Amino acid sequence: RNHDMTRQQLASLLSDIRQVGIGVLGDFCLDAYWELDPALSEMSIETGLATRAVSRQRYSLGGAGNVVANLIAMGVTRVSAFAVLGADPFGREMVRILQARGVDTAGVLVQEERWETPVYVKPIESDREQNRIDFGNANLLAPRTGAALLASLGAARGRLDLLIVNQQLAHGIHTPEFRAGLAGLLAGAGPGIPPTVVDSRAWSDQYTGAIRKINDREALRLRGEAWDSEE
C-alpha cells in the first residue's frame with residue numbers, strides 16, 4: 001500500500017508540474033559538436049596548411065539552457081528564459097532552439113559589444129573529442145544590460161511560480177553589480193519574485209533569499225573549509 005501511495009504521489013507531482021510557470025535565469029550556453037572528416041581535407045591556397053573539414057554539425061542547449069531542456073523533458077509547458085546572448089550566429093541558433101521547444105524568450109537579451117554567445121565547440125574526429133574551442137571567456141556584462149535583465153525578470157513575476165537561477169561561468173551575467181541587484185530582488189527589495197532555487201558554482205553565499213542547491217565542494221567553501229580531493 002505504501003508503495004502504491006508513493007507512486008500515486010509521484011504521478012500527481014509530475015502531473016501538477018506541467019502547469020507550473022518556471023523562469024530560468026543564468027548562463028545560457030550552446031554545445032556545438034563538429035564532426036571532422038580527414039578524408040575531406042584539402043590544402044589551403046592562402047596558408048598552405050591542411051584544412052579541417054566538418055562533415056556534420058549539431059547544437060544543443062548547455063548551462064542554464066540544459067536546465068530548460070530538463071524542465072521540458074519533465075513535461076513543464078510554461079518555461080521562460082532570461083539570458084544574455086551575443087549578436088552572432090550562435091545566439092540566433094540558441095533562440096531558434098528555445099523557441100522550437102516552446103520557451104518564452106522575451107527575457108533573452110542581446111548585448112552588441114563585448115559579449116559573445118557562450119559556446120563550447122567540440123570537434124570530433126574518429127569518434128574522439130579533440131581540443132575544445134570556447135567562446136565567451138572574455139565577456140563583460142554592461143551595467144545597462146544587467147539592469148535590463150533584472151527589469152525583464154521583474155516584469156515577468158506575475159506569470160512565474162518558480163525561478164531557477166544558474167551560475168556556471170566566471171565571465172557570465174553574474175557580475176558584482178548584477179549579483180547585488182538580484183540579491184536585492186530575492187530579499188524583497190524590489191518587485192516580488194517567486195520562490196527561487198539557486199545553483200551557483202561560485203556565489204551561492206550571496207543569494208541568501210533563495211533555496212541553494214550546492215554540492216560537497218560548495219558546502220565546504222560556505223563553511224570556510226578547503227576541499228581535499230583525497231578524502
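The side chains of Arg159 and Asp104 meet in a salt bridge, 3.1 Å from N to O. A salt bridge here is a side-chain nitrogen of Lys or Arg within 4 Å of a carboxyl oxygen of Asp or Glu. This pair links distant parts of the chain, 55 residues apart. Arg159 lies in the loop between helix 4 (143–155) and strand 9 (162–167), while Asp104 lies in strand 5. Helices (H or I, at least four residues) and strands (E, at least two) are DSSP runs, numbered from the N terminus. Arg159 is partly exposed, with a relative accessible area of 37%. Asp104 is also partly exposed, at 28%. Partly exposed falls between buried, under 20% relative accessible area, and exposed, over 50% (1.4 Å probe, protein chains only).

The model is predicted: local features need pLDDT of at least 70, side-chain atom pairs count only at pLDDT 80 or more, and totals for chains, interfaces and linings use all residues. Residues are numbered from 1 along each chain as its sequence is written, and side-chain values use heavy atoms, leaving out hydrogens and water.

How many salt bridges are there by this rule? The count comes to eight. Side chains of opposite charge can pair when their charged atoms come close. One of the salt bridges joins Arg132 and Asp134, 2.7 Å from N to O. Arg132 is partly exposed, at 45% relative accessibility. Asp134 is partly exposed too, at 29%.

Another salt bridge sits within a helix. Arg96 pairs with Glu93, and their closest N and O atoms are 2.9 Å apart. The two residues are three apart in helix 3, so about one helical turn separates them. An α-helix has 3.6 residues a turn, so residues three or four places apart point the same way. Arg96 is partly exposed, with a relative accessible area of 47%.

Strand 4 (residues 78–86) and strand 5 (residues 104–111) pair in the parallel sense over six bridges. Strands pair if DSSP finds at least two bridges between them. Phe82 has Gly107 of strand 5 as its bridge partner. The chain crosses from strand 4 through helix 3 (residues 89–100) to strand 5, and this β-α-β crossover is right-handed. That means the path from the first strand over the helix to the second runs clockwise, with the strands pointing away from the viewer.

Gly188 follows helix 5, and its phi is positive, near 95 degrees.
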